[in-house]
Amino acid sequence: MGACRGASNVSNMEHVEFVVVGCGPAGGMAAREAARAGVGTVVLDKDSTIGAKRVCAAGLRAGFCETFALPRSIVHCDTPRLALFDARGTEYGLSIRPGHTTTREELDGTIGALAAAEGAEIRTSALFRGLHREGDRMLVDYADLRSGDRKTIVARNVFLAQGSTAKLEESEFAYEGWQNGLVTTLQYRVYLDRPAAAIAYRTIEMHYFAMRDGRMTVAWMFPKRDHLAIGLGVMGKMAGGQLREELDLFTERVRARLYPAAQFTTKLEGHLLYGSTPRPKIAAPGAMVGGTAAGLVDATNGEGIYEAAMSGRFAAEAVSAARAHPRRAYVRYGAALKNRFYGRLRHRAELMRFLECRPSRYAVLFDQLANSSHFIDILQREDRERTLSEKFFLYGQALRFAARSFQGSS
Ligand SMILES: Cc1cc2nc3c(=O)[nH]c(=O)nc-3n(C[C@H](O)[C@H](O)[C@H](O)COP(=O)(O)OP(=O)(O)OC[C@H]3O[C@@H](n4cnc5c(N)ncnc54)[C@H](O)[C@@H]3O)c2cc1C
C-alpha cells in the first residue's frame, strides 16, 4: 500500500463510500452492518465464491450467533466441554459456557449473503492490489480475475480485512513483529463411517505439547456434523513433510481415544495464522485494518473469528457515525478496537510465551482451571463484563499461577 502517488484523473473513476477488502468474518460483518446503516458499500474478495473452502477449526464462542444476529442453522455441534491436554498428555476436562462449531464455508457464506441482502455489493474474483491516498480520498486498485482488467475505485473509507496473508509490511501499517508471529497450520477433516465416541461431539480439545524436534505445538480436535477437524500449528515455518508426520502422529492418538473402530477418509488442508501481539498501527486517515490482518488472534488458542467479526462491526459503526466527517472514522475505529481487545490479546501472547518457556507450566495452569469453575467462568468473559471483585479474583489466580510456576521450576 503506497501512501500517495501522482495525481490521477479520479473524476471518471467509480466512486464508493466504503470499500471492504476481504469477505471473511471481519469484512463480511463490516459490509453487512455498514450497508444496513445506509452506507454505500462494495466488497472485494479474491475468491470466486464467498465461503470457498477455508482452513479453520471454526469454533465459535458462546453466544456468537446471538451477538451477530446469525441463524442457529450454521451451528454443527454445541460444545459445553473443553478438554485441555498438558505437555505430558494428561487431560483436564472443564465445563464451559457452551461454544459451538461450524464450518467457515457456512459462516462466511451466510455473513456474505446477509451483507448482500442489506445492499452491499460483493465482487468476487476481485484481487486487491494496493491502496493510495490522494487528497482526502483513497484509491483502491484491484484486478478483476475474470476479465483480467485492472480497476480502481475511489473511496472515502477502506477496511482492509484480508486475513493472515495481508501484505501490509510495505505500508504505513507495517509491523516488524508480524513475520515472527506467523503460525503454520495443517489440519485434517476426518470423515468417519460411523459416529465417534459420544463425548467427542460435545467437546473441543486443545493439546499443548513438544514435537519430536522439541518445538512446541498447539493441536486440536473440533467436532462437526459430518467430520472431525483435527489439526496443529507451529510458530514459524516447518517443512511440509515434517509437519504432516507430526499431524499423523497426533491424529493417531485422537483416533485411539475417540474412533478406534471406525473406517475413515481424510482431507488435508493448510494455511497461515497469526498468533502474537496485535499490529500496533491499525488506522490512518481513510483506512482501517481489521480481523487477522490486524493481528486480532488469541495466541493461546487461535481464536480470532469473534475478534474479526467485532472489528468489522466497529469499522461499520465508525464509518456510519462519521458520515459528516468521513476522514475521522479511523480515529473512532482505532480507539474502539484497541480499547476492547488489545489488553487481553497482549496478555494472552505473553502468557503463551511464559508457558512455552517451560512446558510443565501448562499442567500447573490447567490444574488450577480444573479446580475452579469460577475461574473458568470469569476467563470466558471480557474485561468490561467483569465486576471489580471478579477482577481481583483473576489477579489472585494469576499471582497463584506465577508463584506455583516458579516453585515448580526451582
Ligand atoms: C487452522 C486454523 C484454525 C482456526 N480455528 C479457529 C477457531 O476454531 N475459532 C476461531 O475463532 N478462529 C480460528 N482460527 C482463526 C480464524 O480463522 C481467523 O481469526 C479469522 O478467519 C479471521 O477472519 P478475517 O475476516 O480477518 O480473515 P479471513 O477469514 O482470513 O478472510 C480473509 C478474506 O480476504 C480474502 N482475501 C485475501 N487476500 C485478498 C486479496 N488480495 N484481495 C481480495 N481478497 C483477499 C480471502 O479470500 C478471505 O475471504 C483458525 C485459523 C486457522 C488457520
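Helix H4 (residues 240-258) lies across S10, strand S12 (216-223) and strand S13 (228-235), at about 135 degrees to S13. Contact here is taken as C-beta atoms, placed from the backbone, within 7 Å, while axes are lines fitted to C-alpha atoms, for helices over the stretch in contact, with angles from 0 to 180 degrees between N-to-C directions. Helices (H or I, at least four residues) and strands (E, at least two) are DSSP runs, numbered from the N terminus. Please keep in mind that this is a predicted model: local features need pLDDT of at least 70, side-chain atom pairs count only at pLDDT 80 or more, and totals for chains, interfaces and linings use all residues. Residues are numbered from 1 along each chain as its sequence is written.

**The sheet**
- Eight strands form an open sheet with mixed pairing, in the order S3-S5-S4-S11-S12-S13-S10-S14; two strands pair if DSSP finds at least two bridges between them.
- Strand S3 (59-60) and S14 stand at the edges with a single partner strand each, so one side of each has no neighbour in the sheet.
- S10 and S14 run antiparallel and are joined by eleven bridges, with Thr185 partnered by His271 in S14.
- Two bridges join S3 to the antiparallel strand S5 (residues 91-101), where Gly59 stands opposite Thr101.
- Strand S4 (residues 77-85) pairs with S5 in the antiparallel sense over eight bridges, and Cys77 has Thr101 as its bridge partner in S5.
- Five residues lie between S4 and S5 in their hairpin, and Gly89 in the turn has a positive phi of about 90 degrees.

**Domains and ligand**
- The protein is divided into domain 1 (10-54 + 105-177 + 279-342), domain 2 (81-95 + 179-274) and domain 3 (347-409), with bounds from an automatic or database domain assignment.
- The ligand lies between domain 1 and domain 2, because both give residues to the shell around it.
- Gly22, Gly24, Gly163, Gly291 and Gly304 come nearest of the 37 residues around the ligand, where near means a C-beta atom, placed from the backbone, within 6 Å.
- Elements giving two or more residues to this shell include helix H1 (25-36) and helix H5 (305-321).

**H1 against H5**
- The axes of H1 and H5 come within 7 Å and cross at roughly 35 degrees.
- Residues that meet in this contact include Gly27, Gly28 and Ala30 in H1, and Ala308, Gly312 and Ala316 in H5.

Note on methods: Two residues are in contact if their C-beta atoms, placed from the backbone, lie within 7 Å.
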